[in-house]
Amino acid sequence: MFARRRPVAVLPDAMPIGLLAEEPASGYDLAGKFERNLRRYAWHAQRSQIYPELNRLAADGLVSVVEEGARGRRAYAITDVGRTELRRWVDSGAYTRVLG
């Protein structure tokens, strides 16, 4: 179904979509969540890493833009397809191979 998509088992792919499962957010908001909540467990996610990943996730139909604001700020939300893919990734145990 997602022929262009690399497997979601890659941690940087899973983190933004996992955070969007909680609530819609902009790339800026996601960067803040990474910094506050995940940095000690993963890596410091730069906005320069997050925005291209959000664009890839949107192109693959896993997230969608739900709001556009001032200065081009976009809020993204996980789609039903994205939620299914996230659930599949978690159920597969792939994250344990990534995290060690």
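1. Helix α3 has 13 residues, and in this predicted model the distance from its first C-alpha to its last is 18 Å, close to the 18 Å expected at 1.5 Å a residue. The buried residues of α3 are Ile50, Glu53, Leu54 and Leu57, and because they fall within an arc of 105 degrees when seen down the helix axis, they line one face of α3. The helix is followed by Gly61, which has a positive phi, near 80 degrees.

2. After α4 comes Gly93, whose phi is positive, near 75 degrees.

3. For the overall layout, the protein chain has 5 helices and 3 strands, and from the N terminus on these elements run in the order α-β-α-α-β-β-α-α. Of the 100 residues in the protein chain, 39% are buried. Among the contacts with a separation of 6 or more, 51% are accounted for by residues 24 or more positions apart. The chain exposes about 6100 Å², and carbon and sulfur atoms supply 51% of that area.

4. What does the largest nonpolar core consist of, and which residues have the most contacts inside it? The core has 16 residues, and those with the most contacts inside it are Ile17, Leu20, Leu30, Ile50, Leu54 and Val63. The elements that give two or more residues to this core are α1 (11–20), α2 (27–38), α3 (47–59), β3 (74–78) and α4. As a general background, nonpolar side chains tend to be buried together in soluble globular proteins.

5. Val63 deserves a separate look. Leaving aside residues up to four places away in sequence, Val63 touches Ile17, Leu20, Leu54, Leu57, Ala58, Tyr76, Ala77, Ile78 and Thr79.

6. The side chain of Lys33 makes a polar contact with the side chain of Glu23, at 3.1 Å.

7. Asp60 is found in the loop between α3 and β2, and it counts as buried because its relative accessibility is 12%. The C-alpha atom of Asp60 is separated by 9.4 Å from that of Val81, a residue 21 places apart from it along the chain.

8. Arg71 has its place in the loop between β2 (63–68) and β3. Its phi is near 55 degrees, a positive value in a residue other than glycine, and a reader may wish to keep in mind that most residues other than glycine have a negative phi. Arg71 is exposed, because its relative accessible area is 84%, which is over the 50% that the label requires.

Definitions and conventions: Residues are numbered from 1 along each chain as its sequence is written. This is a predicted model: local features need pLDDT of at least 70, side-chain atom pairs count only at pLDDT 80 or more; totals for chains, interfaces and linings use all residues. Side-chain values use heavy atoms; hydrogens and water are left out. Helices (H or I, at least four residues) and strands (E, at least two) are DSSP runs, numbered from the N terminus. A nonpolar core is a set of buried Ala, Val, Leu, Ile, Met, Phe, Trp, Tyr and Cys residues joined through side-chain atoms within 4.5 Å. Buried means under 20% relative accessible area, exposed over 50%, partly exposed in between (1.4 Å probe, protein chains only). Contact means heavy atoms within 4.5 Å. Accessible areas come from the Shrake-Rupley method with a 1.4 Å probe; for residues, only the protein chains shown count as cover. A polar contact is a pair of N or O atoms within 3.5 Å; within protein, one must be able to donate a hydrogen and the other to accept it, and residues adjacent in sequence count only if both atoms are side-chain atoms. The expected span of a helix is 1.5 Å times one less than its number of residues. The arc is that of the directions from the helix axis to the C-beta atoms.
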